[in-house]
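Hi everyone, thanks for coming. Let's take a look at today's structure together.

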Amino acid sequence: MARSVCAKSVFELWGHGRTHSDLRSSLMNYPREEMSLFMSRDSTYKIDVYTFNKTLLFSDRIKRIDAMDYLPFEGAVSLKNPQHIFTLIEDYGTDPNNIPEDPNYIYFGRWIADGQRELIRSHSVKNRHFIGNTSMDAGLSFIMANHAKVQENDLVFDPFVGTGSLLVACSHFGAYVCGTDIEYNTIHGKGRSSRKNQKWRGPDENIRANLRQYGTEKTYVDVMVSDASKPVWRTGALFDAIVTDPPYGIRESTRRTGSHKDITKPPDAVYTDSHVPVSQAYHLSDIFTDLLNFSAHRLVTGGRLVYWLPVYRPEYCEEMVPSHPCLRLLSNCEQMLSSHTARRLITMEKIKDPEELDSLSHLADPRFSPYQGHNAFREKYFSGLNKRSCKEDAKSDVGGK
């Protein structure tokens with residue numbers, strides 16, 4: 001719970017029931033010797049009342065607490081600094097338009113710990129110093145860091161770092177962070193701003209400033225402009241975790257350096273300061289092949305790769321998840337983006353060092369063909385939007401008639 005952003009609180013359940021009478025019967029059956037550990041005369045306590053999908057008046061909350069007088073509390077009440085906190089939870093369902101008079105179910109138990117939901121608010125991209133069009137949501141960033149089991153003094157790398165949202169989350173847990181991106185303006189914090197009513201980025205809008213904002217600048221290693229498809233790192237296992245969100249070609253283009261032409265270098269291979277490398281399309285299937293091969297070579301054994309895989313839902317099957325002989329699939333979670341598209345949060349763990357032919361294993365894998373279907377994700381994404389807009393237009397035409 002010291003890391004989780006998905007759970008609000010955890011309780012030790014003492015009793016439950018559909019009515020308060022059922023709850024009382026359930027609590028009376030709870031072992032008294034277990035209760036007495038937290039109800040002794042020299043202890044302090046308080047009782048909280050939580051309701052879901054309904055707000056109770058303060059007076060109603062007090063009545064609920066007073067009705068619990070059948071429990072053998074012997075200690076003193078302390079609202080500010082109790083040793084033990086007990087909680088009455090009433091569940092009124094999930095439909096805000098149809099809230100029942102009485103709760104659907106009632107629980108009572110001892111509070112154990114709260115989760116870290118506050119991190120979603122405190123690290124919201126709305127208040128972040130440096131953001132872009134595709135900055136990762138704070139909650140999802142922390143979920144990815146937890147999937148990667150990021151811990152203090154780890155070295156974490158993001159090969160598609162963007163504005164560094166994933167580095168921010170990983171640095172919160174004490175990891176040293178670094179990344180690369182092919183976009184010069186993003187890495188250097190230059191160009192047009194993604195904020196409303198701000199045309200250009202400010203002089204100190206960069207990833208390092210984001211870590212400084214959250215007090216984790218000491219864990220910042222560096223970021224650099226680099227092509228994820230080109231090997232720029234020395235040989236050997238370097239990273240404890242690789243956490244990334246590759247571009248899908250929707251709001252950010254999928255590019256790599258190179259050209260289909262025969263001549264790709266200027267005369268005498270001399271590059272001036274103003275030279276901008278030629279870029280070409282970087283197919284999604286190639287992105288994931290390179291990402292898995294890179295992870296197999298640069299992760300330490302036991303290190304984790306966590307990334308998002310975009311899918312077209314009508315065609316998705318588990319065989320479309322990229323595989324590698326050195327990486328074991330640990331989890332595959334879906335986040336729906338629309339009725340026809342989604343992205344899968346893929347978590348893999350390195351189980352062995354790569355051998356000579358491992359980098360080509362995907363070509364012999366029968367799953368490689370459906371895996372290449374990711375290349376058309378952008379076209380399928382927009383074709384789905386067009387179909388939906390056509391249906392909406394047809395409905396409006398019918399309504400007009």
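Which residues lie nearest the centre of the second largest pocket? They are Ala 228, Lys 230, Pro 231, Asp 290 and Phe 294, and the lining counts 20 residues. Before going on, a note on the source: this is a predicted model, where local features need pLDDT of at least 70, side-chain atom pairs count only at pLDDT 80 or more, and totals for chains, interfaces and linings use all residues. Residues are numbered from 1 along each chain as its sequence is written, and side-chain values use heavy atoms, without hydrogens and water.

What is a pocket? On a 1 Å grid over the protein atoms alone, a pocket is an open set of points where a 1.4 Å probe fits, with protein on both sides within 12 Å along at least five of seven lines; lining residues have an atom within 4 Å of a point. Helix α9 (residues 284–298) gives the largest share of this lining, seven residues. Helices here are DSSP runs of H or I, at least four residues, and strands are runs of E, at least two.

Now the sheet. Seven strands form an open, mixed sheet in the order β8-β7-β6-β9-β12-β14-β13, where two strands pair if DSSP finds at least two bridges between them. At the edges are β8 (220–225) and β13 (327–336), each pairing on one side only.

Let's zoom in on one pair. Strands β12 (residues 299–312) and β14 (residues 341–350) run antiparallel over nine bridges, and Arg 304 stands opposite Glu 349 in β14.
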